Amino acid sequence: MVRFQELQVYQLAEQISNEVWLIVQSWDFFAKNTVGQQLVRSVDSIGANIAEGNGRYNYNDNQRFIKIARGSLHETRHWLRLACARHLLTTEQIERLKPLIDELSPKLNAYLNSIQSKANTQALKIKKIPKSKLPTDS
């Protein structure tokens, strides 16, 4: 199994987290303490769930964590929309983050689909084991 640090989807999530961290650091106390903390938590959760799912070594658990990561991505979009509406992000920051966020969503879905495909392949292999090869109770 590939280490989570080697996954492109994880690397992109980490890049977005670091970008958001640098942006939020410059906000005033109130903005940091309200929108900023929520935004950083949700964006950090994306990569954390990719990593945790990868460490489970079980396709079903991994899929569950990728779905949680996808939910965290949607939450991140919510907080970024509020940050925009409250004029906390500059045009340059928006232009830097938007393509990264837009790229992450299909990568997460592709990763989820690849895990599902591997799970299906494994299930087919298990079904093909001849009965004569299965252990008996004797």
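Contact here means heavy atoms within 4.5 Å. The legends below describe close-up views of a predicted model.

View 1. In soluble globular proteins, nonpolar side chains tend to be buried together.

**View 2. The surroundings of Trp 27.** Once neighbours within four places in sequence are set aside, the contacts of Trp 27 are Lys 32, Val 35, Gly 36, Leu 39, Ala 83, Leu 88 and Leu 89.

**View 3. An aromatic pair formed by Phe 4 and Tyr 10.** The count of aromatic pairs in the model comes to 1. The ring centres of Phe 4 and Tyr 10 lie 4.8 Å apart with the planes at 80 degrees, so the arrangement is edge-to-face. Phe 4 is partly exposed, because its relative accessibility is 24%. Tyr 10 has a relative accessibility of 12% and therefore counts as buried.

View 4. Glu 19 belongs to helix H1. Its relative accessible area is 19%, and the cut-off for buried is under 20%, so Glu 19 is classed as buried. The side chains of Glu 19 and Arg 96 are joined by a polar contact of 2.5 Å. Beyond residues up to four places away in sequence, Glu 19 touches Arg 96, Leu 97 and Leu 100. Arg 81 lies 62 residues from Glu 19 along the chain, and the C-alpha atoms of these two residues are separated by 16 Å.

**View 5. Helix H2, from its start to its kink.** At the start of H2, a side-chain oxygen of Asp 28 comes to within 3.1 Å of the backbone nitrogen of Phe 30. The 26 residues of H2 reach 36 Å from first C-alpha to last, close to the 38 Å expected at 1.5 Å a residue. H2 has a kink of about 45 degrees centred on Gly 36.

**View 6. Asn 49 of helix H2.** Asn 49 is located in helix H2. This residue counts as buried, because its relative accessibility is 9%. When residues up to four places away in sequence are not counted, Asn 49 touches Phe 65, Ile 68, Ala 69 and Ser 72. Phe 65, Ala 69 and Ser 72 are among the buried residues of H3.

**View 7. Helix H3 along its length.** At the start of H3, a side-chain oxygen of Asn 58 reaches to within 2.9 Å of the backbone nitrogen of Asn 60. The end C-alpha atoms of H3 are 39 Å apart, which agrees with the 39 Å that 27 residues should span at 1.5 Å a residue. The buried residues of H3 include Asn 62, Gln 63, Phe 65, Ile 66, Leu 73, Thr 76, Trp 79 and Leu 80. An α-helix has 3.6 residues a turn, so residues three or four places apart point the same way.

**View 8. His 87 in the loop between H3 and H4.** His 87 is placed in the loop that separates H3 from H4. Just after H3, this residue takes a positive phi of about 60 degrees, and it is a residue other than glycine. His 87 counts as exposed, because its relative accessibility is 71%.

**View 9. Asn 62 of helix H3.** Asn 62 is part of helix H3. At 3% relative accessibility, this residue counts as buried. Apart from residues up to four places away in sequence, Asn 62 touches Met 1, Gly 53, Asn 54, Tyr 111 and Ile 115.

View 10. Leu 112 lies in helix H4 and counts as buried, with a relative accessibility of 9%. Its contacts, not counting residues up to four places away in sequence, are Gln 63, Ile 66, Lys 67 and Arg 70. Gln 63 and Ile 66 are among the buried residues of H3. Leu 112 and Asn 62 are 50 residues apart in sequence, with a C-alpha to C-alpha distance of 8.5 Å.

How values were computed:
Residues numbered from 1 in each chain as written. Predicted model: local features only at pLDDT ≥ 70, side-chain atom pairs only at ≥ 80, totals over all residues. Heavy atoms only, no water. Helix = DSSP H or I, 4+ residues; strand = E, 2+ residues; numbered from the N terminus. Buried < 20%, exposed > 50% of the residue type's maximum accessible area, 1.4 Å probe, protein only. Phe/Tyr/Trp six-rings, centres within 6.5 Å; stacked < 30°, edge-to-face > 60°. Polar contact = N/O pair within 3.5 Å; in protein donor to acceptor, adjacent residues only side chain to side chain. Expected span 1.5 Å × (residues − 1). Bend = angle between axes of the 7 residues up to and from the residue.
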